[in-house]
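Please consult the sequence and the model while reading.

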Amino acid sequence: MQTAIDLAAAQPRVLDIAAYAAQEERLAGVRIAPIEPILGARVTGLRLRAGERVPEPLAATLRRKLLERGFLVFEPGTVDAEAFVDLVSVFGDVQYSGGPYTPAPQDNRLVNTIDSSIKKTHMNYIWHVDGGYRHHSPKMTALFGHTVPEAGGDTLFANAVAAYDLLDPLFARYIETLTAVQSAESVGHLTLQYHDPDELARQRGLNPPIETPVIRVHPETGGKQVFVNESYTLRIKAVTRAVSQNLLNILFDLIKSPEIQVRFRWEQGAVLIWDNRTVQHRGVHDYSGRRVLYRAIVS
Ligand SMILES: O=C(O)CCC(=O)C(=O)O
Ligand SMILES: [Fe+2]
């Protein structure tokens, strides 16, 4: 007698993509369309000038879609550099987050620049969650494409909640019990930025290593995000060094799965905003010439 093969059990695990897919929405002449089923949406038809506010209920819809889709792209022409902060304000309080290599432009003290001609550190090219080494890290991060390379210099996103869903359920339950140690100095973020020994010591005092869950629960969506990342995570607590390193490698590998990623090709004047509680991200250093992005964070 022939027995049917249980194909699901016999093969590598895949995601139930239908669980992530979303429908296009339209409101007040604005279209919000999914980019890939797994992540992202593109907003077209919105125009906002400096000092203007996005009206309700459109603003509420945009907030809901960002939670749902992990990141939003606003087409070029939605805002200019001056109105960038007005757009980001839809999602919460905008804060300045510059550092020695990422200063504010002359005319706007709420944003900072990621300018390839100034920024000498390469930390944005490693997978990370913004501020993942601090207890009070930004909810969202936004970028405005000021000067973008003709080719290359994309920003990559991984749906870190989907990465958790790729874990086998029993293994996931174990991973959820673990605690990670996260540090800005894991790959030298502070050493590379602060060259004055006193300032370096001060920054290290302000940013000591912290403990976080390996899997972080999104306070608004309930999504379980793989919160360990290649940039900030030092180790997993209370297991051997070998187990810590191997578990971290499994989780880092999952973040790199193409199935959970979307690659954003920069367009001059586009705005990108992502939810740090859902995604991990990184830039790609495969361009020459200048790349200038304006950056604002939502606390
Ligand atoms: O350079 C990029 O594309 C990513 C930048 C980044 O990591 C950030 O702005 O937080
Ligand atoms: Fe970042």
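Buried means under 20% relative accessible area, exposed over 50%, and partly exposed in between, with a 1.4 Å probe and protein chains only. This is a predicted model, in which local features need pLDDT of at least 70 and side-chain atom pairs count only at pLDDT 80 or more, while totals for chains, interfaces and linings use all residues. Residues are numbered from 1 along each chain as its sequence is written, chains are lettered from A and ligands numbered from 1 in the order in which they are written, and side-chain values use heavy atoms, with hydrogens and water left out.

Q: Which residues coordinate the iron ion (ligand 2)?
A: Donors are N, O and S atoms within 2.8 Å of the metal (3.2 Å for Na, K and Ca); water is not among the atoms, so sites may look incomplete. Along the chain, the donors follow the spacing H-x1-D-x150-H. At 2.0 to 2.1 Å, the coordinating residues are His128 (NE2), Asp130 (OD) and His281 (NE2).

Q: How many residues apart in sequence are the parts that the pair His128 and His281 ties together?
A: Strands are DSSP runs (E, at least two residues), numbered from the N terminus. His128 lies in the loop between strand S6 (112–115) and strand S7 (140–147), and His281 lies in strand S16 (residues 279–283), so the parts tied together are 153 residues apart.

Q: Is His128 buried or exposed?
A: The relative accessibility of His128 is 6%. The cut-off for this class is under 20%, so His128 counts as buried.

Q: Which backbone oxygen lies 2.7 Å from a polar atom of the Thr113 side chain?
A: Thr113 is placed in strand S6 and, at 7% relative accessibility, counts as buried. The backbone oxygen at 2.7 Å from its side chain belongs to Pro103.

Q: What distance separates the C-alpha atoms of Pro100 and Gln193?
A: Pro100 lies in the loop between strand S5 (94–95) and S6, and is partly exposed at 42%. Pro100 and Gln193 are 93 residues apart along the chain, and their C-alpha atoms are separated by 6.4 Å.

Terms used. Helix = DSSP H or I, 4+ residues; strand = E, 2+ residues; numbered from the N terminus. Polar contact = N/O pair within 3.5 Å; in protein donor to acceptor, adjacent residues only side chain to side chain.
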